[in-house]
Structures are given as C-alpha cells and as structure tokens.
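Please find below a short note on one structure, prepared for a colleague's review.

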Amino acid sequence: MASGREKAYAYLKDTVLTDPEMQGAFLSEQELADRIGVSRTPIREALLLLAAEDLVELVPKRGARVTPLTGREVRELMELRGVVERYAAQQLVAAERVPLEELRSLLERQRALTGAEDTREFIAVDHRFHASLVSAVGNALLDRHYDSLRSRQVRAGVVAVYNQQGRQEAVLDEHKAILDALAGGDAQAVCAAIDHHLESTLKVLLAG
C-alpha cells in the first residue's frame, strides 16, 4: 500500500502540476491534505521532493508555488526528447523490432479521447505512445532517463492542447506520420516525423 507521501507525490505530479490553471499558482497544504485524505506532513514531504525536481518552488512565508515551464525549459525538453526518440526509432528500425501493434492500439485510444474533458487522458496516452517506442529498445537506463521527463512532457502537452484549438487533431496526424514511417521501415522519415511533431508542439507552447 502506498504511503501518504507517495499518494501525495503522485497526486501532485499527475493531477495538480498538469492543470494549466495551476501554472504559477500557490498551493494550499491543508486543501491538498483534505482532497487526498492525508495529513499535512505527507504533503510537505511530497512538496520537498517536487522542489528537488524543480517542479515546485518553495517560497519563504508563502508556501509552494507551481513552477511554470519557461521557454528555455520547453526548448530543452523538446531537444532532449528528440535525441532519445530519434535514437530509439533508428535502433528499432535497424533491428526490425518496431512495436507496431502497440503503437497502433495507442493511437486508436487517442482517437477516442478528443473531447475537452479528455485532455489529460489524451496526453497521458500521448506519453505512452512515445514511451513505448523508447521502451522497445530494451535499455533500462534509457527508460529511466526518459521517464524522468514524463511530468514535464505531460505538462507541456496539456498546456499545448489548451493553448491551440485543434491541437489534438494535429497530434493525431503527427503520430500517424510517425507510425506510417515506422511501418515503412524508413528511419530517416521517422526521424523527420518526430522532429516535425516536437517542433509543432514547441511552436504552440512558445506562442502561449
């Protein structure tokens, strides 16, 4: 069974930090404790962990503030994702081990989540689409490195969808282009499709 700190950490990271309306907002420890069903101590412990990851900022006498993604951070996130995802795609195409069925299933799941109320789930599946590609390489260290980007990746994805009407449909098209290139065994085309997808997301985020 998860500890109070673990419950608080997971809730904050997966629910509060991915809420576009909470970017830059201060958090109420008591409100969070009541919502999660724990005391304030696990909340404080979880906030310390998140502060160590630069996901929240601890402001003296004011409490914890959700740290908004900066333009520089978004650029660096997309750059790092591109390095990892292109490498994964090249390895899988060369070894003919692309998990096509899994990726197709995730893309179909995304197609069923295009309502405004489905945004967070849509982006959660979005992350799984990309993470499945990386995971298929079979490099545990690479998996852990990529998973460390998950919170920022999900936050960026949710904000991008909220920032631009029609972004969900564009993501589906971009994922299909990646999948089609993978199915065709064309590593160069896959890398180009990944780059286009990440550049499109970056452009939406920087446009605000």
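1. The model is predicted, so local features need pLDDT of at least 70 and side-chain atom pairs count only at pLDDT 80 or more, while totals for chains, interfaces and linings use all residues. Residues are numbered from 1 along each chain as its sequence is written, and side-chain values use heavy atoms, with hydrogens and water left out.

2. A search of the whole structure gives one cavity of 30 Å³ or more (a set of points on a 1 Å grid over the protein atoms alone where a 1.4 Å probe fits but cannot get out). The largest cavity holds about 120 Å³, a volume being the space filled by probe spheres set on the points.

3. Fifteen residues line this largest cavity, and Arg81, Ile123, Asp126, Gly157 and Thr201 are the closest to its centre; a lining residue has an atom within 4 Å of a point. Helix α8 gives the largest share, six residues. At least two lining residues come from each of α4 (71-95), α6 (119-135), α8 (150-163), α9 (167-183) and α10 (187-207) (helices are DSSP runs of H or I, at least four residues, numbered from the N terminus).

4. Helices α1 (residues 4-16) and α3 (residues 40-52) have axes that come within 8 Å and cross at roughly 55° (axes are lines fitted to C-alpha atoms over the stretch in contact, with angles from 0 to 180 degrees between N-to-C directions).

Definitions and conventions. 1 Å grid on protein atoms, 1.4 Å probe; cavity = no way out; pocket = protein on both sides within 12 Å on 5 of 7 lines; lining within 4 Å.
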